[in-house]
Amino acid sequence: MDRKFKSMDGNEAAAWASYAFTEVAGIYPITPSSPMADHVDQWAAQGIKNIFGNPVKVIEMESESGASGTVHGSLGTGALTTTYTASQGLLLMIPNMYKIAAERLPGVFHVSARQVATHALNIFGDHSDVMACRQTGFAMLAESNVQQVMDLAPVAHLSAIEGRLPFLNFFDGFRTSHEIQKIAVWDFDDLKDMVDMDAVKAFRNHALNPEHPHARGSHENGDIYFQHREAINGAYEALPAIVEDYMNKVNAKLGTDYGLFNYYGAPDADRVVICMASFCDTLKEVIDYLNAHGEKVGLIEVHLFRPFSIKHFVDVLPETAKKIAVLDRTKEPGSIGEPLYEDVISALYEAGITDRIVVGGRYGLGSKDEQPAAAFSVYEELKKDAPAREFTIGIVDDVTNLSLPMDPDAPNTAAPGTIECKFWGLGGDGTVGANKNSIKIIGDHTDKYVQAYFQYDSKKTGGVTIRASRWPRTSSRAAPS
């Protein structure tokens, strides 16, 4: 299938993919998710139509809790509804998220994952917000780069409609939400072709309607509440197969190989890292380098985090991998380990796999940059007979001494022939906008594949800004999945 190429960031990619399936958008802006809602609002004002032949109805509320209430109410009346948020904004939506999931309403929340304020406010990226939503009942789908956001965001909408469960579709704040890449873009006709219109009709028929009234939002006591809460189990058991089916439909159209979990690296790897979101791309470059130099390492890239499918996870884990490092981009103080680490431990135990060494590491909190040297340090640690069970990368921890040492002379893993540029400026001086325009001109008017990331100071105007740009190769297609 031929698709047009365009240079855009992750927010625009999520907005475009979601616009196709959205009838109502309940929004309230919060960094770094605001551009998603802004794009949708602009396209609606321009009269761009979704796959149902109508512009999206955009409703801006006075808080994130109001936006999630709008989503809940709109879904209840039979309109496919979406919102865009992050961080504290997402946390304010949690009470409605429990209701949306338990009532089996097919909404989608697109989240540019961001740090939740702790000892200090941090407006940058990690997974602490999405991890706070694990118990709500939302399915959770993750993407690692801008192309994946474009390709897989529709899977969240399609699976929500057929599976009758809401999805939280997330990618890294700033590192993906504001990173510009040259990507292949969906045509809405191809997205419409994959929609289960019978499921859409069933959703609309179930909506609140005075012509066929029914009760909703009842009160239950202990005699029946537990039974009804367990009655939803089958929907979650069925959901991984539904997600896989839509990923396969995407693969058939695009020639990709997306799965609930994707393995990358040596088929006979002895050391494997498990991770999700943007650091996976850095790990892949390091894997290519190490395997080209005689080592055997790999990566399991997580896409469907909830429901966590033990079968699909075990199917991609090489039998030769005796040492595993699980990387989480969040911190749960007082826990035995972070969420993904604990899921992997449980999955291996449930599958009867007890002969592996599994360790857990934290990385990238508050958008801490993780360079290839950090990835090298993880694979180096796994060479040890007894690697550290708990560690951090990318920082020097001289308090609890959990950090892994990084080689300052770690190899450059960029593809040969890559042109790399770095620009410094001050917030408000126009250089960020100029660099965005420049990289888009290169991407949209040459055959080069481009990538550009913009690092902002939280002081904004007057603060230091850094722009890293590169154009590695000509592109017959965009970044590999």
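This is a predicted model: local features need pLDDT of at least 70, side-chain atom pairs count only at pLDDT 80 or more; totals for chains, interfaces and linings use all residues.
Residues are numbered from 1 along each chain as its sequence is written.

User: Why is S159 called buried?
Analyst: Buried means under 20% relative accessible area, exposed over 50%, and partly exposed in between, with a 1.4 Å probe and protein chains only. S159 has 0%, so S159 is buried.

User: Which residues does S159 contact, leaving aside its neighbours within four places in sequence?
Analyst: They are R164, F167, L239, I242, V243 and Y246. Contact means heavy atoms within 4.5 Å.

User: What makes strands β8 and β17 a pair?
Analyst: Two strands pair if DSSP finds at least two bridges between them. β8 (residues 180-185) and β17 have two bridges, in the antiparallel sense. I180 has A452 of β17 as its bridge partner.

User: Why is β17 called largely enclosed?
Analyst: Six of the eight residues of β17 (residues 448-455) are buried, so the rest of the structure largely encloses this strand.

User: Why are helices α1 and α2 called oblique?
Analyst: Angles under 35 degrees count as roughly parallel, over 145 as roughly antiparallel, 65 to 115 as roughly perpendicular, and the rest as oblique. The axes of α1 (residues 10-19) and α2 (residues 34-45) cross at roughly 50°. The two helices are therefore oblique.

Notes:
Side-chain values use heavy atoms; hydrogens and water are left out. Helices (H or I, at least four residues) and strands (E, at least two) are DSSP runs, numbered from the N terminus. Axes are lines fitted to C-alpha atoms, for helices over the stretch in contact, and angles run from 0 to 180 degrees between N-to-C directions.
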